[in-house]
Amino acid sequence: AESLMVSGVVALDLATHQVTFGDAMQVLPAREFSLLRALAERPGCILSRQQLEEKIYGFGEEVESNAIDVLIFYIRKKFGADIIRNVRGAGWMIPRGTS
């Protein structure tokens, strides 16, 4: 099965949770990977905090109010701020890329 998902500026290996962005390559923990995957499924589309929480956390699971921010902080720490774009008051997105 093809496990590589290339989306906009990011490549995700669904089998190994390895993410490639520019020159950086990292294996991400499950939740960080889930967040990135949710965004990568719709490059150029803005996902709200609620949409991301629904994708990452199980139904009825308690979610800290800043959980998404923390995950994005960790992802940006590994790949740089450009991997996830913040759209103020709306949510986050992965840029489509130029190619």
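Trainee: How many salt bridges turn up in the whole structure?
Mentor: Five, from a search of the whole structure. Keep in mind that this is a predicted model.

Trainee: OK, what does R31 pair with?
Mentor: R31 makes a salt bridge with E61, and their closest N and O atoms are 2.5 Å apart.

Trainee: Is R31 buried, exposed or partly exposed, and what is its relative accessible area?
Mentor: Partly exposed, with a relative accessible area of 37%.

Trainee: Switching topic: what does R37 meet in a salt bridge?
Mentor: The side chain of E41, at 3.4 Å from N to O. R37 is partly exposed at 33% relative accessible area, and E41 counts as partly exposed at 40%.

Trainee: Which lysine does E41 form a salt bridge with?
Mentor: K55, with the closest N and O atoms 3.4 Å apart. E41 lies in the loop between α1 and α2 and K55 lies in helix α2, so this pair ties together parts 14 residues apart in sequence. K55 is partly exposed too, with a relative accessible area of 47%.

Trainee: So which residues end up in one network?
Mentor: R37, E41 and K55, joined by salt bridges that share partners.

Key:
Residues are numbered from 1 along each chain as its sequence is written. This is a predicted model: local features need pLDDT of at least 70, side-chain atom pairs count only at pLDDT 80 or more; totals for chains, interfaces and linings use all residues. Side-chain values use heavy atoms; hydrogens and water are left out. A salt bridge is a side-chain nitrogen of Lys or Arg within 4 Å of a carboxyl oxygen of Asp or Glu. Buried means under 20% relative accessible area, exposed over 50%, partly exposed in between (1.4 Å probe, protein chains only). Helices (H or I, at least four residues) and strands (E, at least two) are DSSP runs, numbered from the N terminus.
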